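Biologist: I would like to learn how to read a model like this one. Please take me through it feature by feature.

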Amino acid sequence: MSESILRDKSKVFAKEIVLLCRAMTTRRVESALVNQLLRAGTSVGANVHEAQYAQGTKDFISKLEIALKETNECDFWLELLMETQSISLEEFKQFHNYCIEIRRMIVATVTTLKSKQK
């Protein structure tokens with residue numbers, strides 16, 4: 001799968017996270033939770049984008065693995081926000097599906113690259 005598709009999707013995801021966090025701020029959701037989600041959600045896109053300028057395959061894989069960890073962290077914060085009624089079930093499902101899609105793309109890319117290294 002082309003990393004440009006992953007880059008595009010992770011950037012859209014980051015933008016949507018920013019908009020969600022902005023909306024939660026106006027609803028007076030706990031700022032610590034909003035900030036955690038904002039950091040993790042935007043970090044996914046930042047690390048995927050940074051991977052394009054990696055200093056080799058190992059560095060590229062490393063950046064994508066960081067993005068994968070951030071995706072998992074983001075999913076945690078989304079789940080916590082949903083369970084505390086800070087976001088709706090519909091919002092949770094939308095962003096959770098984004099996380100799943102991006103996670104699958106990252107895992108596929110990393111798995112392919114690692115298999116080529118052997």
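Biologist: What should I know before I start?

Modeller: This is a predicted model, where local features need pLDDT of at least 70, side-chain atom pairs count only at pLDDT 80 or more, and totals for chains, interfaces and linings use all residues. Residues are numbered from 1 along each chain as its sequence is written, and side-chain values use heavy atoms, with hydrogens and water left out.

Biologist: How many helices and strands does the protein chain have?

Modeller: Start with the assignment rule. Helices (H or I, at least four residues) and strands (E, at least two) are DSSP runs, numbered from the N terminus. Here the protein chain has 4 helices and 0 strands. Its pattern along the sequence reads α-α-α-α.

Biologist: What does the radius of gyration of the protein chain say?

Modeller: The radius of gyration is taken over C-alpha atoms, and the globule rule is 2.2 Å times the number of residues to the power 0.38. For 118 residues, a compact globule would have a value near 13 Å; the protein chain has 15 Å, which agrees. The C-alpha trace spans about 50 × 20 × 20 Å along its principal axes.

Biologist: What share of the residues counts as buried?

Modeller: Take the cut-offs before the count. Buried means under 20% relative accessible area, exposed over 50%, and partly exposed in between (1.4 Å probe, protein chains only). By that rule, 37% of the 118 residues count as buried. Now the surface. Accessible areas come from the Shrake-Rupley method with a 1.4 Å probe; for residues, only the protein chains shown count as cover. The protein chain exposes about 7000 Å², and carbon and sulfur atoms supply 53% of it.

Biologist: And how do I read contacts?

Modeller: Contact means heavy atoms within 4.5 Å. Consider contacts between residues at least 6 apart in sequence: 73% of them join residues at least 24 apart.

Biologist: How many positive and negative side chains are there?

Modeller: Lys and Arg count as positive and Asp and Glu as negative; His and the chain ends are not counted. The place of a charge is NZ of Lys, CZ of Arg, CG of Asp or CD of Glu. The protein chain has 17 positive and 15 negative side chains, with the centres of the two sets 5 Å apart.

Biologist: How many salt bridges does that give by the rule?

Modeller: A salt bridge is a side-chain nitrogen of Lys or Arg within 4 Å of a carboxyl oxygen of Asp or Glu. The count comes to 6 salt bridges. One of them joins glutamate 101 and lysine 9, at 2.9 Å from N to O. Glutamate 101 lies in helix H4 (residues 89-117) and lysine 9 in helix H1 (residues 3-26), so the pair ties together parts 92 residues apart in sequence. Glutamate 101 is partly exposed, at 34% relative accessible area. Lysine 9 is partly exposed as well, at 31%.

Biologist: Which residues are linked in a network of salt bridges?

Modeller: Glu50, Asp59 and Lys63. Glutamate 50 meets lysine 63 at 3.3 Å, N to O. That pair links distant parts of the chain: glutamate 50 in helix H2 (residues 31-51) and lysine 63 in helix H3 (residues 57-83), 13 residues apart. Aspartate 59 also bridges to lysine 63, with the closest N and O atoms 3.7 Å apart. Aspartate 59 and lysine 63 are 4 residues apart in helix H3, so about one helical turn separates them. Lysine 63 is buried, at 16% relative accessible area. Glutamate 50 is partly exposed, at 39%, and aspartate 59 is partly exposed, at 23%.

Biologist: Where is asparagine 47 found?

Modeller: In helix H2. Asparagine 47 is buried, at 10% relative accessible area. Beyond its neighbours within four places in sequence, asparagine 47 touches Lys63, Ile66, Ala67 and Glu70, by the contact rule.

Biologist: Is cysteine 21 buried or exposed?

Modeller: Buried, at 3% relative accessibility. Cysteine 21 lies in helix H1. With neighbours within four places in sequence left aside, cysteine 21 is in contact with Val34, Leu37 and Leu38.
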